[in-house]
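The sequence and structure come first.

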Amino acid sequence: MDDGVERNTRTIEDTVVTDFEDRMSYGGYLELHTLLSAQHPLSSPEHHDELLFIVQHQTTELWLKLILHELAAACAHLRDDELAQALKCVARVKHIQKTITDQWSVLATLTPAEYAEFRGILGNASGFQSAQYRAVEFMLGNKHAGMLRVFAADPDSLALVRTALEAPSLYDEFLRLLARKGYAIPAGVLERDVTKAWEFTPELVPVFAGIYADTAAHWGAYETCEELVDLEDNFQLWRFRHLKTVERIIGYKRGTGGSSGVSFLKRALDLTFFPELYAVRTEIGA
């Protein structure tokens, strides 16, 4: 019997706000008109899969923005000896890393034949030119002043990357905190040129061995060491998924930015942020 009641619907409660003539709305707060109008496929006629390619990379850039925000806060907390607060920021970064790593599975649905139909319109655009990605690497210690050249034509990007280059990395701040707490961190580490890439420092391995030998007595330092290892593991998984997605879609073609492509990405897997935290594992229980 038709009693005027719609089945399989949810009644809108009287208290739900529906008039946004002069109120803040969801779309207004998030500036969705701006955000959702920032996807401009260039293929003509527009290729169906180009939107996937754009959204994938724009989404990653949003997550990278948040990673930079959290890493900056973590460094500030470490400078203020607020270890617990720093680790909270690191925990959030780890979850973001998992999300952006899982995203590669979406891009991997793009087949070689599909990508070949619009790859040419990218010109020399490449993820290698991501200022935010480079700033993240720099904040974790993998610095390379030569990379500034890539951003010379974009003052805002150049400023972002240069700031990350010239600031102590997350690892630098952790080691400085350990020194303030009485750990035997070599003076050369504390006084090093932070614009240079971190290099393996064997004198740090005994310091970490002591921490791992009595975790209860050094719990804060021990927990931080393990959190940093998680960060590096997650970063390497992201690099690997990137590599395999590129290999799956373009094979061994040269990258749009001029790199050798897959072989270039493979070399990144040899880079490390916290080598002493891996080296100490050989010493534990030996």
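My entries follow, and they concern a predicted model.

**Entry: a surface patch**

I found a patch of about 540 Å². M24, Y26, Y29 and L30 make it up. I then took one member, Y26, and asked where it sits. Y26 belongs to helix α1, which covers residues 26-30. Is Y26 buried or exposed? Its relative accessibility is 63%. Exposed requires over 50%, so Y26 counts as exposed.

**Entry: a helix pair**

I turned to helix packing next. Two packed helices are described by the angle between their axes and the distance between the axes. I looked up both values for α7 (residues 131-139) and α8 (residues 155-166). The angle is about 5 degrees. The axes lie 8 Å apart. Angles under 35 degrees count as roughly parallel, so I noted α7 and α8 as roughly parallel to each other.

Which residues meet across this pair? On the α7 side I listed A131, Q132, R134, A135, F138 and M139. On the α8 side I listed S157, L160, V161, A164 and L165.

**Entry: backbone checks**

I checked the peptide bond from S44 to P45. That bond is cis, and its omega is near 0 degrees. P45 sits in the loop between α2 (32-35) and α3 (50-79).

I then looked up positive phi values outside glycine. N8 has one, at about 60 degrees. N8 lies in the segment before α1. Its relative accessibility is 83%, so I marked N8 as exposed.

D81 also came up. Its phi is positive, near 60 degrees, and D81 is not a glycine. I placed D81 in the loop between α3 and α4 (83-102). How exposed is D81? Its relative accessible area is 38%.

**Entry: a distance along the chain**

E283 is in helix α14, which spans residues 275-283. With a relative accessible area of 45%, E283 is partly exposed.

How values were computed
Residues numbered from 1 in each chain as written. Predicted model: local features only at pLDDT ≥ 70, side-chain atom pairs only at ≥ 80, totals over all residues. Heavy atoms only, no water. Patch = residues over 30% accessible without salt bridge, like charges linked within 9 Å, V, L, I, M, F, W, Y side chains within 5 Å. Areas by Shrake-Rupley, 256 points an atom, 1.4 Å probe, with all protein chains shown as cover. Salt bridge = Lys/Arg side-chain N within 4 Å of Asp/Glu carboxyl O. Helix = DSSP H or I, 4+ residues; strand = E, 2+ residues; numbered from the N terminus. Buried < 20%, exposed > 50% of the residue type's maximum accessible area, 1.4 Å probe, protein only. Axes fitted to C-alpha atoms, helices over the stretch in contact; angles between N-to-C directions. Parallel < 35°, antiparallel > 145°, perpendicular 65-115°, else oblique. Contact = heavy atoms within 4.5 Å.
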